[in-house]
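Try each task before reading its solution.

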Amino acid sequence: MRHFDRQGCRLAARRWRSVAGEIDIVMRDGAGVVFIEVKKARTHDEAAGRLTARQRDRICLSAQIWLEGEPQGQFTPARYELAVVDAMGRVAVVPHAFAA
């Protein structure tokens with residue numbers, strides 16, 4: 001994703017699967033990790049509305065499993081972002097999308 005490439009992130013995995021579920025994109029941001037869920041719909045708002053609490057929980061659990069393999073384990077800096085894609089293919093990123 002160009003947005004993350006411009007920030008200096010590099011791709012670590014696409015459609016990474018664990019026993020808990022799948023993470024659409026995993027990027028490395030220095031020593032940290034960015035977990036990205038991608039949602040598509042007619043509008044960005046509709047796409048954002050498609051991320052359910054159950055999906056967030058599944059992604060968070062999968063991310064914990066990913067972090068077990070990191071040198072700092074669960075202490076690895078990590079964040080969750082949502083990339084929404086509209087019918088025209090335009091992408092918008094919702095930073096820290098899982099923050100309460």
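**Exercise 1.** In which sense do strand β2 and strand β3 pair, and over how many bridges?

*Solution.* A word on the basis: this is a predicted model, where local features need pLDDT of at least 70, side-chain atom pairs count only at pLDDT 80 or more, and totals for chains, interfaces and linings use all residues. Residues are numbered from 1 along each chain as its sequence is written, and side-chain values use heavy atoms, leaving out hydrogens and water.

Step 1: find β2 at residues 21-29 and β3 at residues 32-40; strands are DSSP runs of E, at least two residues, and helices runs of H or I, at least four, numbered from the N terminus.

Step 2: the two pair in the antiparallel sense over five bridges, where pairing requires that DSSP finds at least two bridges. I25 stands opposite I36 in β3.

**Exercise 2.** Which residues touch the most other members of the largest nonpolar core?

*Solution.* Step 1: such a core joins buried (under 20% relative accessible area, 1.4 Å probe, protein chains only) Ala, Val, Leu, Ile, Met, Phe, Trp, Tyr and Cys residues through side-chain atoms within 4.5 Å.

Step 1: among its 16 residues, they are I23, V26, V33, F35, I59, W66 and Y80.

Step 2: α3 gives the most to this core, with four residues.

Key. Buried means under 20% relative accessible area, exposed over 50%, partly exposed in between (1.4 Å probe, protein chains only).
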